[in-house]
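Reader: I have the sequence and the coordinates open on my screen. Could you walk me through a few spots, one at a time?

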Amino acid sequence: RRLSHVPSNAPALKSATSEDLAHFSKILPQTCILSTLPSLNNTPSTTTIEELAPFNNDWMNKYHGKSEMVLRPRTTEEVAQIVKWCNEKRIGVVPQGGNTGLVGGSVPTKNEVVINLANMNKVRSFDPVSGILVADAGCILESLNEYLAPHNHIVPLDLGAKGSCQIGGNVSTNAGGLRLLRYGSLHGSVLGLEVVLPDGTILNQLSSLRKDNTGYDLKQLFIGAEGTLGIVTGVSILAAPAPQATSNVILALPKFDNVLPLFTKVKRQLSEILSAFEFFDREVYDLAVKHNQGRALNADDVEGAECFVLVETSGGNREHDEAKLNALLENLLESDEPLINTGVLSQNPAQFASLWAIREGLTEAVSKEGKAYKYDISIPLKAFKEVVDTTREHLRSQGLLRHDAVKNVVGYGHVGDGNLHLNIVAAAYTPEIEAALEPFVYELVGKYKGSVSAEHGIGVMKTHALHYSKDEVNIEWMRRIKNLFDPHGIMNPGKVLP
Ligand code: FAD
Ligand code: 2HG
Ligand code: ZN
């Protein structure tokens with residue numbers, strides 16, 4: 001059934017003024033305000049546009065805002081007061097965590113006020129028996145892991161941006177990452193949230209209960225909402241026991257077709273100790289080497305490899321786990337038609353880190369090579385290579401595969417989750433390349449009934465492509481939910497919904 005479109009009643013948003021600045025100065029100390037606006041008595045600001053640049057530009061330097069004001073509150077109450085004022089004055093706000101998002105969601109589209117959570121960075125509580133961690137939204141993912149280490153726990157989420165991204169940003173993007181295969185999605189491990197709603201109300205759902213079936217589970221709406229429904233200020237999450245033994249190996253494969261049978265075999269043989277199964281093609285590996293991500297593998301090991309898989313094991317007994325991994329490697333190498341050419345097994349913590357650094361450094365390598373068009377898609381595993389090859393051929397047929405236009409078309413990602421990162425590395429972001437890629441890539445994804453965003457979100461990049469993955473009824477109900485929470489449309493305007 002076709003639903004009638006619920007029109008947004010929201011009038012155009014207003015720009016923040018010197019009056020607003022004066023009001024925020026009553027809520028926050030000057031050290032928590034960055035603004036280029038003059039004061040009420042017209043004294044020019046000493047803050048420069050350059051100082052606001054890190055908050056206006058995204059990690060890829062692809063999306064650019066023009067905010068004149070960045071607020072860095074220290075408490076939930078401060079966030080609530082700021083948001084209440086912005087709602088009353090119809091000023092758009094952009095919640096910002098570590099600003100590592102890859103779809104332009106974390107920077108303004110115009111001159112909205114940026115509310116950056118970095119000053120909310122305290123652990124509120126941790127219970128080593130239940131493993132329940134309650135933390136401010138601005139805690140950096142890596143810092144939370146450092147906090148948990150002496151308690152023999154880890155955050156059940158890991159990604160290459162761990163040194164900068166914040167737990168509130170992770171929840172708001174429903175980040176997937178490198179170990180979703182083992183720990184599942186944040187929809188399962190987040191137990192509760194504290195959220196400042198667009199009218200300034202504090203929604204306290206910071207439950208520390210593993211089981212709680214008391215009606216609608218509102219927190220799920222904010223997981224993956226990309227800051228369009230409210231500002232997450234606190235997170236309660238179930239930390240996982242730290243594994244007692246970990247190991248990893250990079251397997252070099254002669255051809256992509258071997259990835260699927262390899263995954264089946266690895267799952268069967270490693271079973272409960274398998275914690276990651278990550279794929280990257282040869283072309284992106286070469287970029288990682290070129291840009292010094294991790295230590296290059298020996299030339300002999302990479303010769304003839306079309307692609308690679310990083311397998312990680314995490315378990316409770318080193319001897320047992322190593323025996324299992326060694327048996328797998330022997331089995332793989334000794335079979336009549338080996339699925340792999342070779343395997344590079346880490347022998348100590350430094351080598352373990354170095355192998356991971358290759359995989360985790362791919363995004364950085366691609367960025368160093370050029371400007372990346374990123375398509376973070378869910379498709380059937382067997383189509384990974386076909387999508388990369390088809391896209392490359394399409395760009396070639398358009399005459400765009402040349403050094404001054406598209407330099408590389410590469411694929412990597414989370415095989416275990418059916419998530420491919422198709423990256424098109426260009427000399428510059430140009431309308432011509434974008435027109436060649438879109439809707440081409442989205443139609444390809446549609447053909448496989450896949451998702452146009454497996455884990456990075458919609459942000460501003462994919463609002464026009466949402467319909468490839470969600471039908472009209474779904475989009476309409478998303479819009480109704482948005483209007484219910486945020487009738488004036490102040491919360492991260494221009495993001496997620498078309
Ligand atoms: P930001 O980038 O600041 O914000 C992202 C979105 O969340 C924005 O829409 C913003 O408005 C909103 N937001 C942020 N904080 C809040 C809050 N407190 N309340 C409400 N809304 C908020 N992503 C993956 O899923 N898997 C990966 O493996 C992965 N690897 C990456 C590796 C690198 C090198 C880089 C640069 C990025 C990677 N990402 C990955 C993308 C990114 O790191 C994640 O999306 C991350 O969760 C974003 O967190 P953040 O704190 O940087 O959020
Ligand atoms: C990863 O898996 C991240 O490394 C980033 O999700 C993907 O760079 C990308 O496209
Ligand atoms: Zn990823």
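Predicted model: local features only at pLDDT ≥ 70, side-chain atom pairs only at ≥ 80, totals over all residues.

Reader: Is Glu226 buried or exposed?
Author: The cut-off for buried is under 20% relative accessible area. Glu226 has a relative accessibility of 10%, so this residue counts as buried.

Reader: Which residues does Glu226 touch, leaving out those up to four places away in sequence?
Author: Contact here means heavy atoms within 4.5 Å. Several partners lie in the stretch Gly457, Ile458 and Gly459.

Reader: How far apart in space are Glu226 and Met491, C-alpha to C-alpha?
Author: Along the sequence, Glu226 and Met491 are 265 residues apart. In space, their C-alpha atoms are separated by 9.8 Å.

Reader: Moving to the metal, which residues coordinate the zinc ion (ligand 3)?
Author: The donor residues follow the spacing H-x6-H-x33-E in sequence. Their distances to the zinc ion (ligand 3) run from 1.8 to 2.1 Å. The donors are His414 (NE2), His421 (NE2) and Glu455 (OE).

Reader: How many residues apart in sequence are the parts that His414 and Glu455 tie together?
Author: Both His414 and Glu455 are buried. His414 belongs to strand 17 (residues 406–414), while Glu455 is in the loop between helix 17 (440–447) and helix 18 (472–485), so the pair links parts of the chain whose separation in sequence is 41 residues.

Reader: How do helix 15 and helix 17 run relative to each other?
Author: Two packed helices are described by the angle between their axes and the distance between the axes. For helix 15 (residues 384–397) and helix 17, the axes come within 11 Å and cross at roughly 150°. Angles over 145 degrees count as roughly antiparallel. Helix 15 and helix 17 are therefore roughly antiparallel.

Reader: What is the handedness of that crossing, and which residues make the contact?
Author: Helix 15 passes helix 17 in a right-handed crossing. On the side of helix 15 the contact uses Glu386, Val387, Thr390, Thr391 and His394, and on the side of helix 17 it uses Phe440, Val441, Leu444 and Lys447. By class, the contact of helix 15 with helix 17 has four nonpolar, three polar and two charged residues.

Reader: Where is there a cis peptide bond?
Author: Most peptide bonds are trans. Pro439, in the loop between helix 16 (431–437) and helix 17, takes part in a cis bond with an omega of about 10°. The cis bond joins Glu438 and Pro439.

Reader: Is Lys449, with its positive phi, buried or exposed?
Author: Lys449 has a phi of about 55° although it is not a glycine. Its place is in the loop between helix 17 and helix 18. Its relative accessibility is 75%, so Lys449 counts as exposed.

Reader: What is the relative accessible area of Arg90?
Author: Arg90 is not a glycine, yet it has a positive phi of about 60°. Arg90 lies in the loop between helix 3 (76–89) and strand 3 (93–96). Arg90 is partly exposed, and its relative accessible area is 23%.

Reader: Last one: which residues does Ser207 touch, again leaving out those up to four places away in sequence?
Author: Ser207 is in the loop between strand 9 (202–205) and helix 8 (219–222). Its relative accessible area is 17%, so Ser207 is buried. Its contacts are Leu191, Gly192, Asp212 and Ser236.

How values were computed:
Residues numbered from 1 in each chain as written. Chains lettered and ligands numbered in written order. Heavy atoms only, no water. Donors = N, O, S within 2.8 Å, 3.2 Å for Na, K, Ca; no water. Helix = DSSP H or I, 4+ residues; strand = E, 2+ residues; numbered from the N terminus. Buried < 20%, exposed > 50% of the residue type's maximum accessible area, 1.4 Å probe, protein only. Axes fitted to C-alpha atoms, helices over the stretch in contact; angles between N-to-C directions. Parallel < 35°, antiparallel > 145°, perpendicular 65-115°, else oblique. Left-handed = near helix turned anticlockwise from the far one by under 90°. Nonpolar A, V, L, I, M, F, W, Y, C, P; charged D, E, K, R; others polar.
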